[in-house]
Amino acid sequence: MFSDDAPGRSLADERTVGVLVLRGEWGMGKSRAFEQEHRDLAAVGLPVKRLDLGKCGADATRAAAQLAAVFQPPNGAAEWHVLLDGLDEGLDNLLELDQLIIEQIEALENEAQRGLRLRISCRTARWPVGLEAELRRFWSEDRVAVVGLAPLSREDVIVAARTVGLEDPADFATVVQQRGLVALATHPMTLRQMLTSYTTARALPDTAAEAYREACLHLCRETRRPKRIDLRRNQATAEHLFAVAARVAAALQFGPYTALADGACESWEPGGDDLVLSRLASGDEPGHLGSPVPCTMNELSQLTESSLLRPAGDYRWTFAHKSYQEFLAAEFLRGREIQAAVQRELLWIGDGQSRHALPAHQEVAAWRSETDTAVFEDLLRDDPLVLLLADLTRRTDHDRYRVVEALLTLLKSEDTVRLDGKSLHRLDHAQLAVQLGPYLKATTEVNLLFGVVSIARACRRPELSVALLILAEDHDAHAGVRVAALAAISAPETEVVERIRILTDDESPEMVAAALRQLWPAHISLTDLLSRVRDPDPHLIGRAYMLRREIPELISSTELDEAITWARNALCDTAGSSSRALAVSVLARVVSLAGQTPPNDVTLHTIVEALLGLAGHHEMLYTQELHTPLKDLAAVFGREVQIRRAIALMLMTRASTEQFFTLHVSRVSAGLLPQDDALYWMEHWGLLIGVDKQVSRLAVAFASPEDPTALDRAQAARASHPTLHAATAFWDSLPAESPWEREHRELQEAERRENTYNETALCAALDAVLASGPNQVGCVGTGCRRASPHSRRLSRRMGRSVARCSGRGPISATCRHPTGPAPLTGRPPCTTDESPVVCRESSAKRSRQLSYRPRTHGATSR
């Protein structure tokens, strides 16, 4: 399967980053990405220069001149881009190239450096760590990014197939997935090779093994070509490297290793999980023509430079994809003609009914089953699930019949077994309907029945349609089985279609969703489809949930009028049973489609009527059910500026105050009246003259703009319309301070004054220490600390002062008010031992006595 991970970011998304390092191996598409970015930057008018560092040569003077040319900042440009492609190739010719780049950056003025957007591409293993450290001297941590190219997604594969002129790119991606060749399609280099083969022969290789062999040979050819002629003579062919790679793959697959390492390099640190190259450098391997292929350090080193391996650290490598290692390990067993007993020791574990293939070697066993009958028979008997990983399409119908029979036997004996639906299509054969038919009834054990229906759905046999429909109609069958059986029906005929239509009235939303999937678009109209959709169970993300999410995207521009009419009727009909959440989602889709063409008055009026109908469901506007649809609707309004303003104007003029405020307090208002439109409504205030004042004020209820030009335009509009000036009167005066805010402000000011160093108060306090009695020094010392809370001189001067008083008797450790807490201002001073003492409360203690209340404008003071 293609990865479901979120797609990565493009270079265009990272243009605010000062330095971006793009790392990856040969053939991953780094240069193509830079070429595309160069074209995109030039298209939008941004200054950009691109330099192929591999062509700078070995002359430092010449390279410095070429770098100086691209690092010349354009006049008056606040932002300029430099793309340095192929640093690894440049370093092969000139070792000090990275230092020359740093020298060019150092020579830039500060302003030019701030505007520079530097992009560097390099092979992962050749990226100099010292260069990265040097770059971080000029840019902050968050402005230096080191990234890699993400694997190609299904959408990328479709785009590539469309680029080479395939008539049905989506079908090509589907075939790749069904044949188990996704690992080859996610790498640009092997994808290009597959597309070339497909466009030439109009088909992929006959077997998955042939496709993998071609891909591995292609990756072995993509290696760094030595510049010295004597080294070129020792360059191994792709076929020789393939044989060497099989040995490496077998060692990594069956040994306790995770990576290949070059132990001869000084920077390599030994690790228990690394396989050192020198341990493999001996003997020969069987070649593709039967002749032996030497496996020396020369061939192994060339293999590490090929695209078949990828760096996993300093002088460490792994295979570019795990599937390459598994395929090549199986090729090693085949080429070496390893005995069956030895293979069983490598691939199997357990005895009797518990015997199964080792999970780590299941893919290897699947590859071997294609060429080794003994392995196939062992898997068929003891672990048939592994055969779903094999390329069963190359086997005979009889063999596939036997595999299905083995799987059914397993399902009967093990109620915890689940079949992988992604590979069940490989089980299809001529007698499949006859083989599965007897099991398609409600009395069959549930787990077995699920497996049978899953196989029927994957293989899409029309002969099974009637049996599957009967099962779907049987209310005694398991609910999940009924839904799966209905989804498995293939190419229904007229009679079957009518029976499926009846199932759209089923009590289960899941059954209704499965039935509508079968009927749309060939056997049901859009209005009928939308009207029959049921809201899903809120605790289940199943077919009903996915159908409601996907239907809006299926609506095309030609169906816009039909869709908006249904949405209006559904939202205006308070007693109807149509899905309100779906109606809001359809409304968002209609607004998006309407924004792609000049707005139509009829469409706009219908959208407004739908929104007014939505306002009538105020009790539903805050439910979880409408949360996402309303959020999507607000987002669409935020994107479609022209249609948003037209709809907002029509709503403000046609809706009642209650209706508009109902929409305003919901999530819709954030999209209809955003802050970005405040200036627009000010300059078009004449359109809102007849609108209710409370409603029109919402269009401009935002703070004054900070941009001077926008502020001047807003002030001019306010001067032209007295009602606008009144609506934005809050611009001219600060909001009144509440009693709580005043109390809080005064407290902060008091704390600030108390914590401020006061030289006069400190000197006075120190003089009081010298003149005080024995029982007063501690309390007066507290006054010194308050006079200078953060002064370093306090401790020194206090120390000298206390030392002078040390002969006057003991000093009291505490000085408390005799009756409890010290008094607030206005109370008489307290005394200790009949001596007056100045006691001051801490601000923290006073703050605890304040009545903190929530911020409420207009509150009365206590």
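A: Let's start with burial: tyrosine 212 and phenylalanine 327 are both buried, where buried means under 20% relative accessible area, exposed means over 50% and partly exposed is in between, with a 1.4 Å probe and protein chains only. Bear in mind that this is a predicted model, where local features need pLDDT of at least 70, side-chain atom pairs count only at pLDDT 80 or more, and totals for chains, interfaces and linings use all residues. Residues are numbered from 1 along each chain as its sequence is written, and side-chain values use heavy atoms, leaving out hydrogens and water.

Now for aromatic pairs. The structure has 7 of them; rings of Phe, Tyr and Trp (its six-membered ring) pair if their centres lie within 6.5 Å, and planes under 30 degrees apart count as stacked, over 60 as edge-to-face and the rest as tilted. One of them joins phenylalanine 172 and tyrosine 198, edge-to-face, at 4.9 Å centre to centre with 70° between the planes. Phenylalanine 172 sits in helix H8 (residues 169-178) and tyrosine 198 in helix H10 (residues 188-201), 26 residues apart. Helices here are DSSP runs (H or I, at least four residues), as are strands (E, at least two), numbered from the N terminus. Phenylalanine 172 is buried at 1% relative accessible area, and tyrosine 198 is buried too, at 14%.

Back to our pair: tyrosine 212 and phenylalanine 327 are tilted, with 5.7 Å centre to centre and 40° between the planes. Tyrosine 212 is in helix H11 (residues 208-221) and phenylalanine 327 is in helix H15 (residues 322-335), so the pair ties together parts 115 residues apart in sequence. The two rings also belong to one aromatic cluster, made up of Tyr212, Tyr324, Phe327 and Trp367.

That brings us to H15 itself. Its 14 residues reach 20 Å from first C-alpha to last, close to the 20 Å expected at 1.5 Å a residue; the expected span is 1.5 Å times one less than the number of residues. H15 is mostly covered, with 11 of its 14 residues buried. Just after H15, glutamate 337 takes a positive phi of about 50°.
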